[in-house]
Structures are given as structure tokens and as C-alpha cells.
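Let me put the model up and we'll walk through a few spots together.

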Amino acid sequence: MNARVFRDTYGVPHLQAGDPLALVYLQGVNAARDRAWQIELERRRYLGTSAAFLGAEAAAWDVFARQARLADTARRCFESLDDETREWVTAYVEGVNHALPGGAARAPEFAETGLTLQEWEPWTPLGIWLAVHILFAGFPSKLWRTHVAAQLGEASLELFSSEGPHGAGSNGWLIPGSHTASGQAIVAGDPHRFIENPGVYQQIRLTCPEYDVLGLAVPGIPGLAHFGHTGSVAWSITNAMADYQDLYAEQLRRTGSGVEALGPDGWRPASFHTEVVEVAGAAPVEVEVIETDRGPIITHGPEGPEGAEGPEGTGSVSLRYPPRVTGRLGFQVMRRLLRATSVGDVDAAFDEWVEPVNVVLAADTAGGLLHRTAGVVPRRERANMLRVVPAWDATYGWDGWHEMARAAVDGPAVMANARGLATPLGVEFAAPHRADRIRDLVEARDDWTVDGMPGIHQDTYLGSAGSLLDLLTGLGDLSPQAVALRTELFAWDRRMDATSTTASSYAAVRKALVSRLTDHFTMLENADVAAVFTPWMDPLTHVSYALENLLSTDLLPNVDVRWLAREALEEVAANSPRPPWAETHQLAPLHALRGPVFAANETPLDLGLSGDHHCVMSTSSLPGLTDVCIRASAARYAWDLADRSASRWIVPLGASGVLGDPHHHDQLASWLRGALVPAEGPAVREDRTYSAAVDGFGTVRIEEADPARDLDLIHGWVTAERATYWGMGALSRDEIEATYRFLDSVPTHHVYVVRLDGVPVALLQTYDPQADPAGAAYTVEPGDLGVHLLIAPGDARAGFTGQMVGTLARFVFEHLGHPRIVVEPDVRNTRAIERFQRSGFTLGVEAEIVQPDGSTKTARFAFLAREQVSS
């Protein structure tokens, strides 16, 4: 199978290679080309080095990443992988390293920040995964609850239970064949996350002889972890809302040789060292990295016995999380899922999943159905799941792991972060509104098709509206305007539609009520926590998400919520009429540099939205503060088990992370409407052809060779006397054909025919030195491109070689985006060496290259860097 990149109408990459390692290498290349800024930013975040180019705003995260030991945990988890998975992940990283310089040259953020590239280490994808998901389970909420209990009393520990995810959620549903028109299952849904620019998910198709998988990848991560369709089985996940990370109040004391921590068995040594976080435009920050037997210290406070009151935020707090404890992250699952052909395969693969903890739905073409939880959750006291607990009390230690539950699927199955299979694993789940609504919609029909899935994705019914509307019942002494508004709200269909002014009025009343209710919790402001946790300590945020609970609790005897509701209603009524909901409910994608969604020469789209936090079309704002939407469906999908080519999907922006690229946001208009686009539409081969008119020389065209079409040409050239040093003169035509078919099947090597004014004049071969014997003979730099150039037999032309080399250099530097060309002619080929010198190459070492067949070649390396040509 040839190694190729195809792209469909939306620029979605369809990658094809001859084996899994070649394919995952190609996936790394693609991620670097399409998402260079995004993946390098995530790499710097897990290393805790992002403030060096983002400035002081990123310093708090960098300090946390260092203290939590994300980089060291990633390395440990990588080393514990089986050999095949390590090799697979390493191949992905090699692809990234090869293509990242070219991708960075396209991404304007690199020039804007002055960010320079570094070589990725093999465990980088695991580090990125940790950085993306370390806060997924919401352990900072334990700091908040502990703070609430300290200020309001132990009875209020769970007062702000929101039954709703603050950061990440999802919808997912499985419709078995008994409820579809085809008799085969449909798996559909949408993960809810912060809407980032570029998007957190990348649509992709991965094809090799072993498998052909369609799904949503996380840029910087090999394979398809969360959502995929192999043709015979499809799977999806939602956040299980499990609690699997603990916070411990630690007592620390200094010793002559370091630091000790008080545990159940007394004082024990803790590891200790210091690191420095560089901050652009500000002084560097020195960070103490301390790790106790529980885990790394993430909040520092007083040491010694006086620091024992740590739970309220004045002491030191450690974080205990499964990957750090076990040295496992579950990356082998991603490789195994690609080979899955049945729900049994998917089930077995997820047995090894670690984090985040998920609920999984899957279906196969044989009628198999799967509904289970997956991940690693420690068994321990319920108090651990609620608050910071004392490290020195053995009561709060871990005692093994929970078994992951499975449920029989005898009808439609729904997952929406609500209580259910995962109930024993957590303490706070999503309110049941989304799950109940999806279940009602799905069970209403038994003839579903994929074409009907947008009708579910787009549903805007707000199940949580009843708690507030009920509060308005019976209110007396209202102004005529307030009476009219209440009447309008009572007649409302409870749909948060973009065009609805009543939806807008409801949101305004809710916002006004939240604001008034928050005024009663000023004692909870200014909690003393590390800066990175400040967003979790905002009373307004907690009141917003816990509104339903706060309206029904008996823990607020001094708060007249009905009076507050009356005031909120009057305030909004006095400022009516309201504009349509979409006028204020606007999407605002997040970008680390606050970069725009639209390029200067583009006409911006209206980013108004339907939906709300508890709608199936979950488009979340902060109800007490703003209507602006920053969290919504990071992707939508509908997998058809009857016909994979009928499957549909969508992402908020597009396939490319490069501002101004045609595919940067070409799906946005459809996404805003809740529509889906074909997931397996027609794709065409990515064109690597290059053409340049050179004054006084002619038009040079460089196009990829076709081993069948160009075999006669190649055979004649490589067996000619002038190609002696290519070492192919004794090969038969069949052997040469086999050689070039092999080169055509791997993504690391490419063969081009060079034409001058339409006449074939040269053979150009390029290779990634990481995947070539030459790479073992010199120090490879990220983005290096090895080049072999064979000039065709013919009459000599003055200046011909120099013009050709110059054009090929522009092809490599400008078209392919590589920063440095590497050549390694045989040391005996003095004429070639002299030609390269005359063309500006810098001579390097002489070294022996061991060929795959065991033969050796003594080569003289030479290098040409992009800046040498541009200068």
C-alpha cells in the first residue's frame, strides 16, 4: 500500500500507509503540519515552560505542572509501556519531529511569540495527555468544599453541589438495531469541552492493511482514543464524573539533608529539588518541587505542626493521582482500539484504560452492544472524595481499585454525565436533564437513521428551567411589567432558541437571581489557594452551577430566595424588551494569544448560538456573569453501523489550525446550526507538486514519481555509468521496481521526477534521517531532510547543476518547509562534494553508513540551512 495523504472537501486528512508504524508516523507528520502551534503549546504546558513565551499569565500553570511532576510522570508511564506500544508512540513522535519545523513556518503564533522549536522526547504524547486531563476530574473542587466547610460549617460541605460539570461533559447515545430503519445500531453524541482555537479534536481517517479507522483524534496523541469507527465496530465515550484524585493536608519539616513529611507511620523523607520557571517580561519564578509518600505538593503553606491546619488553605497540600501511583496511563489501549473488530475487542481494550475515567458505548455489525465504565478509581473513604484529608491519618489511605461496571443493553442507552453506571465512582454528577431528554427523544421512534441525529444534537429544551419558573409562581405585589414578563415566561416552550426573546428574558432573570444570591456569600471570597486554582474558588461560578440545589436547600434559612427572585424579575421587566437569545449568546473560542477566528481579509460569521448548559445542545456560559459561550460541543458525530460511509460528524472550526487556511473554520457555519457533514466523503490525493520559473534557466517542475509510470525512466538513470555511486547498476529491472515500490509505500521517503520545460532532467529522492541508516551516522536535528540528487545522462550545460540545486533548495525550504538539507555523497565522489560546496553547503563529518543489506558506505556529510539561502 502506498503511503499517501488524501484530503476531503473539508481538508480532513485521510492517511494511508503500508503498516501501522508507517501510518502512525504519518499521523505525527500530519499533526505537525496542520496543528503545529497547538501541539507545541501543549508540549510546553506539560513541561511547565509556557510562561517563557506567553508571559506572566501562564506562570501559575507552569508552577503547577512542575510541582505536580507531569513531565516525570509521563516519562515513567512511557517506560512502563509494552515494547510494541513504545515503538508505536515513538514513531508518531518521529513524524512530529520531522514535520514540525515546516508546520511552525505556517503558523503565525511562532513568529508572534518568538517561540523556537525543540525536539520532542518519545514520551511527549503522554505528557500532553496528562496536561490536558489532569484537571478533568475536578480535584480543585475539594479545595472549594473544604473552604466552604471552614466558613459555613460542616453541614454546608456539599451545599454547592451543582450536579453539573464545571469543565467537561458530553452527550452520548446508542440506538440498537431494534430502533433503527436499517436494523443496525447507531452510536452518536458530542463531547462538551471548552471551545478552543484550534479545536481539541481532529477528524481523521487512518488506513493500512491491518485496519481502516475513522474517528476523532486529539492533536499530539497517536491513534483515536475517544471516538472511532473501524467499519465493523464503533465506540464513543463520555466523562464518567468519577473522583479518582485525592488531596492530602501535609505537615512538612526541614532537615539537614532535605524535607520530611508526617504520614501514618511518622515522619518520612520526602523528595525535594528546586526548578526555575522562566517568564517572558518578568522575573523568573523559583519552584520547590516536593513529593511525599502520598504525592507531589501542589500548594505550599507553613511547615511543622503549625501547618497541620492545611485543609483550609493555609497548609501544604499534596495530590495523589493514579498515573503517578501506578506508572500507567493506558496508551496501549489507543493502539488496540485501532484493531478492534467487535465490541468484545473494544471491551477488552478498555480494561486497561487509566484516565480520564469514562463511560463507554459501543456497537458492532454482528449485533454486539456495550455499555461500561473504564478507568482506574481507588477505593477509599468518602471523605477523600469530598475534601482535603489529613495525610497522617491511615483512615484516608487507598485500598485497592474499584471494579468497572458493565450494564446489559436491551434498548437505547444514554450517557450524559448523570448518575448511573458510574454512581459509586463519584460524588457530583450532571443533573439528569440532558440524559432524560435524550432518552425521551430516542425512545419516541423505532425507525431512526443517521439523518435524524441532528434533530437530537440540536434540541434546545431546557429541563432545568422549571426550578426557577416554579419560584415565580404566587409572587405578589408585582409591577404590571413584571406580571407581563412572568406570563410570557409561563407560556414559553422552554426552548433556548437563538431567535427567542423569551429565552433571552429567562436567561436575564436567572443571571439577576444568581447575582443577588451570590451577594449572600461574600465570606467565601478571596480563598487562599495557589493561583492556578483561583477559578475553582469563585462564589459566583459555584452559585451559577448550583442554582437548582440552592433554590431547594434548607441550609439557607436567612436567605429569602423568593424575594430575590421577585427582585430579579422586576429588574429584567424594567429593562424589556430583550433582544433575541443569540444576540448575547455568542461563541467565543479560546486562543492562548487571544487570536482571532477570522483573518483580516475574511468576512466574520455571526457567532450567535441556540442552546444552554442543560440543553442537549449544550452551549454553556457562566449564567451569573455573561451569556458568552466558551464551552459547547467540541465535536458532534453519528456512527452508522449499517454503512460507515453514511456516518456524519462536525467540529466547531476546521481541520487546520492555521489562521487564513481555507480549512481553518470552514465547518463553523454548519456547526453553529447543529448540522453534520459527511465523515467519509470523497478525498483526493494531497498534491506535493512544485513548479517555479527560473530566469535564464526555464520552468522547473517537481512531481512525485509513479513507480509504474516512471519505471523505464528511473531504471535507465540509476543503472547508467554516471550513477555508479548510487550502487544500483547491477540490479535488474524487477529489483529496481521493487525498490521504488517500497520507497513509495513508506511516508519517510519520497521520490520525485524533476522536469525542465517539460523534459525529465533529474531524479530527486528525499528521506527523513530518523528513518534512514544515514541518521545513525550524524546528529539529526528536528526537521532535517536528507536528499539524493541524480542528474540525468545528457550533454553538460554550464551552470546547470547550480541552478538545479538552488531550485531544489527552494522546494525543500519554501514548499516542504524543512529547515535544513542533508546530503551524504560517497567520499570518493569528489565531483559531487565540490558541487555541493559551490552551492553553499557546509561540509561536515566523514562517517560510515551501514546499509540495510549490511554493506557500508563512507560518506561525507554536508548541510545547507534555510537561513544560509535566505541571507
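Predicted model: local features only at pLDDT ≥ 70, side-chain atom pairs only at ≥ 80, totals over all residues.

Let's start inside: Arg69 and Glu291 are both buried, buried here being under 20% relative accessible area, exposed over 50%, and partly exposed in between, with a 1.4 Å probe and protein chains only. The two form a salt bridge, with the closest N and O atoms 3.1 Å apart. By salt bridge I mean a side-chain nitrogen of Lys or Arg within 4 Å of a carboxyl oxygen of Asp or Glu. Arg69 sits in the loop between helices H4 (59-67) and H5 (70-79), and Glu291 is in strand S13 (residues 285-291), so this pair ties together parts 222 residues apart in sequence. Helices (H or I, at least four residues) and strands (E, at least two) are DSSP runs, numbered from the N terminus.

Residues are numbered from 1 along each chain as its sequence is written, and side-chain values use heavy atoms, leaving out hydrogens and water.

Back to that pair. Over the whole structure, the search finds 60 salt bridges.

Here's another one: Arg406 and Asp347 meet at 3.0 Å, N to O. Arg406 is in the loop between strands S18 (389-390) and S19 (413-415), and Asp347 is in helix H12 (residues 343-350), 59 residues apart. Buried or exposed, where does Asp347 fall? Asp347 counts as buried, at 18% relative accessibility, whereas Arg406 is partly exposed at 41%.

Asp784 belongs to strand S30 (residues 784-791) and Arg820 to strand S31 (residues 820-823), 36 residues apart. Both of these are buried.

With 17 residues at 1.5 Å each, H26 should span 24 Å, and its end C-alpha atoms are 23 Å apart, which agrees; the expected span is 1.5 Å times one less than the number of residues. Buried residues of H26 include Phe800, Met804, Leu808 and Phe811. Just after the helix, Gly817 takes a positive phi of about 85 degrees.

That's my tour, happy to take questions.
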